Amino acid sequence: MSASIQPDVPPSGTGCVECLESDGWWVHLRRCAQCGHIGCCDTSPSQHATAHFRETGHPVIQSFEPGEDWFWNFETEEGFDGPELTPARSRPEDQPTPGPAGAVPDDWRFKIHR
């Protein structure tokens, strides 16, 4: 198994680390398969998962959305099936999308990256 996937490392939390620190919001969440950092997707305003890759060089993420288990490699720009990571495997199902609750502006659809 590649060093860029560490199945025993738990996620950093239930939401995007940087968005929660800055009262931001996200559309979907991604989990770094190497260190467990939870960041927001590229549709989200701040794109913290990609920023994490650029800052750390950790190339592999997994979706942190309920019912999704796909992986993405930023270096090869390819999706793939990977190993099961340690729980939690997704954000809480009662957490809204976009989220977090109370932080998403009413006009959020006009503020996302397409």
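Gln-47 counts as partly exposed, with a relative accessibility of 25%, where buried stands for under 20% relative accessible area, exposed for over 50%, and partly exposed for what lies in between (1.4 Å probe, protein chains only). Gln-47 is found in the loop between β2 (38–40) and α2 (48–56), and its phi is near 50 degrees, which is a positive value in a residue other than glycine. The model is predicted, so that local features need pLDDT of at least 70 and side-chain atom pairs count only at pLDDT 80 or more, while totals for chains, interfaces and linings use all residues. Residues are numbered from 1 along each chain as its sequence is written, and side-chain values use heavy atoms, with hydrogens and water left out.

**Backbone details**

- Helices (H or I, at least four residues) and strands (E, at least two) are DSSP runs, numbered from the N terminus.
- Glu-77, in the loop between β4 (71–73) and β5, has a phi near 55 degrees, a positive value in a residue other than glycine, and at 60% relative accessibility Glu-77 counts as exposed.
- The peptide bond from Thr-97 to Pro-98 is cis, with omega near -5 degrees, and Pro-98 lies in the segment after β5 (78–80).
- A cis peptide bond also runs from Gly-99 to Pro-100, with omega near 0 degrees, and Pro-100 too is placed in the segment after β5.

**The sheet and the helix across it**

- Strands of a sheet pair through backbone hydrogen bonds, either parallel or antiparallel.
- In this model, 5 strands form an open sheet in the order β2-β1-β3-β4-β5, with antiparallel pairing, where two strands pair if DSSP finds at least two bridges between them.
- The edges of the sheet are β2 and β5, each of which pairs on one side only.
- Neighbouring strands of this sheet are turned against each other by 35 degrees on average, direction ignored; the axes are lines fitted to C-alpha atoms, for helices over the stretch in contact, and angles run from 0 to 180 degrees between N-to-C directions.
- Strand β3 (residues 60–63) pairs with β4 in the antiparallel sense over 3 bridges, and the bridge partner of Gln-62 in β4 is Phe-71.
- Helix α2 lies across β1 (29–32) and β2, and runs at about 120 degrees to β2.

- How many disulfides does a search of the whole structure find? The search finds 0, a disulfide being a pair of cysteine sulfur atoms within 2.5 Å.
- The sulfur of Cys-19 has its closest cysteine sulfur in Cys-16, at 3.6 Å, which is too far for a bond, and Cys-19 counts as buried at 1% relative accessibility.
- Cys-35 is likewise in no disulfide, since the nearest cysteine sulfur, that of Cys-32, is 3.7 Å away; Cys-35 is partly exposed, with a relative accessible area of 32%.

- Not counting residues up to four places away in sequence, His-58 touches Cys-32, Gln-34, Cys-35, His-52, Phe-53 and Phe-74, where contact means heavy atoms within 4.5 Å.
- The side chain of His-58 makes a polar contact with the side chain of His-52 (3.4 Å); such a contact is a pair of N or O atoms within 3.5 Å, and within protein one must be able to donate a hydrogen and the other to accept it, while residues adjacent in sequence count only if both atoms are side-chain atoms.
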